[in-house]
Each structure stands twice: as C-alpha cells, then as structure tokens.
Amino acid sequence: MKTIYFDNAATTPLYKEVEEEMKKYLFEDYGNPSSIHFLGERSRKALDSSRTLLARELGAKPHEIIFTSGATESNNLAIQGLSRFERGKKKILISSIEHPSVYNICNFLKKYGYEIISIPVNSEGILDLNFLSSFLQKNSSQVLLVSIIHVNNVLGVCQDLKKIGELCKKHSVPFHTDAAQSFVKIKINVRDCNITFLSASAHKIGGPKGAGFIYIKEKTDLFPLFFGGHQEKNLRSGTENVPSIVGFAKALEVFKKTNSNSVQKLRDYLFKELEKIGGKINGSKEKRIFNNVHVSFPNKDSEYLVLALSEKGICVSSGSACDTRNEGEDNIFKALNIKEKNLGSIRISLSEKNTKKEVDFFLNELKKILRS
Ligand code: PMP
C-alpha cells in the first residue's frame, strides 16, 4: 500500500539534504562546541553559521536566537521565563485558539495568581483586535505579555502580526508569537512586527524533531527554565544539539526553494471538491496558510474518518477532541462558537511532495467512507 502523507502540520519527513548535513556533525565533526580543540571549534562555527542563517530569515540578529528542543520549550521559555523575571505583572493575554503548549502553561500560572485573558476570535478564526486594543488601553501596566499564535495548527488561519505588534508597541507590552506553523512558510520580520519573542520548530519544515529556537529581542530580560553550563547566553544550558541545529538551518535553505504556489493550488482544489461532497471548510479561506484544509462533515466521527483513511494508506489528522493525541481541536471549536455535535472533522496539511493524483485518490476514498 502506498503512503499518502497529508499530515505535514503534525510533522514532516527529513529532507535528504538535511540528513547529509547532519551526518557530518554526528560522525565527523562531533565535537562539543564548548571544547577549545579543533573539533570543538568546528562545531562552534557550525552553530554560529546556523544561527546567522536562521536569524536572517526573521530580520533578527544572530545573538537574538537561542536554540531549544522545539516550539514547546520556546513557548515555555518565553512565558515562564518572563513570569519568573517580572514578578509584578499578573495579566497574560492569549488568543482563544492557542496551541496547548501555550494555554497549558497559562493554566498552570493561574495557580500562582496570574489572570489569563483569552482574546476571542471571530467565526473565521481571526483575532478580535478591538478587544486587544481596549484591554491594553485600560490595563497595560499590569500586562506581562501578549502571546498570539501566528498560524493556528488546526485551522491554519493566520493572524496579523503587524497590527498586533503595533498595539503592543503603543502600550509598551512584550509580544510573543508561536510561529511553529509559519516560520519560513510566511515571511516574518521581527522588527517590522515589533515581536519580542518568537518560537519556531525544525520538524515542521523538513528538519529533525527535537530542535527549535526562540527569538528574544535584544535587551529583553528573562530567567531560564533550567540551570547548568551557561550555554546559549545562560538561557538554555545543556550541550547544544549541533547536528539537529545544523539540520534546521539546512531545512530552512531547502524549504525556501520549494514552490508554495503549487501546494496552494492543490489546497484550493481540495476546498472546492470537499464542499461538493458536503464538507464545511473551517476558518478563513483567505487569511490562511497555503497548505492547510480543515473540513467538517455532519453526523460523522472524526476518529472513524481518520482511521478509515489510514487503512487506505492516507495520513490526515483528527479534528475531534476525544483523545490526548489531538492538538487542542476542542478548544478551537469552542472558540469558533461551533456547537454542532457529531461533527467529523479532519485536517489535511499538504507539502510540495503531494500530487493531484494523491488528492484525487484521497477524495475517492473519502467519498466511499462517507457513504458507508
Ligand atoms: N506550537 C504549534 C503551533 C505547533 O503546531 C506545535 C507542534 N504541534 C508546537 C507548538 C510544538 O512544537 P514542538 O513539537 O517543536 O515542540
């Protein structure tokens, strides 16, 4: 059975070029970048050039990039690290459609006296900027942080970082964005958008799992999550994961050469064809990442749809909220004010490797499953 992989928002296969690059730092130049001998020096150089490449993509300075194990850790570092440093400010604003790695930290912080303000989104999944603006107008002196996901992992909808950044700047409030789903896919300039913290992850763009970074605007103070050998400007102690970091930078280079237009065409074709068979596309079709489709079918079970497709070799994600493997879809439906029960939803997230033939095969199989 041929595998048809439509779950690129969950993770992506490693690019061959990335594997080659990583091998070098696993088997030849394997030195610890803190060692002063020549092997250590080679690793240090590889680390520095990866940092420079990744920083450039965001219009950031290399010293503003701190390597982490991925976006989960980066989100934790931004929110927890800042809360440990800035003890007085107890209000955190997030969107109502954050990833669990943001909203679960915030839920935890409630135990320590933090008030978490969830900014609503409209029925298309787009943030209510008026709510943000008027809240900041009244409360900015008590606000620790505004944390807004750039591209939502379930719906693929995209928020306007520039407008959010302007509001945060006007009220002198730090701004964090979780860009795990958008880094490299959508151009972001951290200075233009007045971003203080940005989280990114390698495995969403053909890099290895377990590698990511956080951009931290220079002169921003925060405490680390853990203590040790002072690596990464003392913000992320532990020997740097050089092969994966080098792999991340290589993935950036390879990903930038891919053609998002052809992926978008396939996505738009899916929108049309899924609607023809009774599917309802969730989230804005315009303010959306080029590779995401999130669709609901009434009176169907999400897990059933995912598993039935899986039996045919097709990998998609569930849009339901019934297990720990989902990525917070339940919250998303609540945020969109979708009250219908028995709504079977699936997320299809494409890559440049997918073809129209695969999409047609999927549509055919889905039609059969929906009839059964
Ligand atoms: N944020 C978002 C929006 C994501 O999609 C993901 C991955 N599902 C994460 C954070 C977590 O990233 P990582 O796997 O690198 O920890």
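Here are two exercises, each with a worked solution.

This is a predicted model, in which local features need pLDDT of at least 70 and side-chain atom pairs count only at pLDDT 80 or more, while totals for chains, interfaces and linings use all residues. Residues are numbered from 1 along each chain as its sequence is written, and side-chain values use heavy atoms, leaving out hydrogens and water.

**Exercise 1.** Describe the surroundings of the ligand.

*Solution.* Next, sort the shell by type: 3 residues are nonpolar, 8 polar and 3 charged. Here Ala, Val, Leu, Ile, Met, Phe, Trp, Tyr, Cys and Pro count as nonpolar, Asp, Glu, Lys and Arg as charged, and the others, Gly among them, as polar. Then look at atom pairs. For Lys204, a side-chain N or O atom is 2.9 Å from a nitrogen atom of the ligand. Finally, the ligand alone exposes 400 Å², and the protein buries 88% of that (Shrake-Rupley method, 1.4 Å probe).

**Exercise 2.** Work out how H8 and H11 are oriented to each other.

*Solution.* First, find helix H8 at residues 260–276 and helix H11 at residues 356–371; helices are DSSP runs of H or I with at least four residues. Their axes, lines fitted to C-alpha atoms over the stretch in contact, are 11 Å apart, at an angle of about 20°. That makes H8 roughly parallel to H11 (angles under 35 degrees).

Methods:
A residue is near a molecule or strand if one of its heavy atoms lies within 4 Å of it. A polar contact is a pair of N or O atoms within 3.5 Å; within protein, one must be able to donate a hydrogen and the other to accept it, and residues adjacent in sequence count only if both atoms are side-chain atoms. Axes are lines fitted to C-alpha atoms, for helices over the stretch in contact, and angles run from 0 to 180 degrees between N-to-C directions. Helices (H or I, at least four residues) and strands (E, at least two) are DSSP runs, numbered from the N terminus. Angles under 35 degrees count as roughly parallel, over 145 as roughly antiparallel, 65 to 115 as roughly perpendicular and the rest as oblique.
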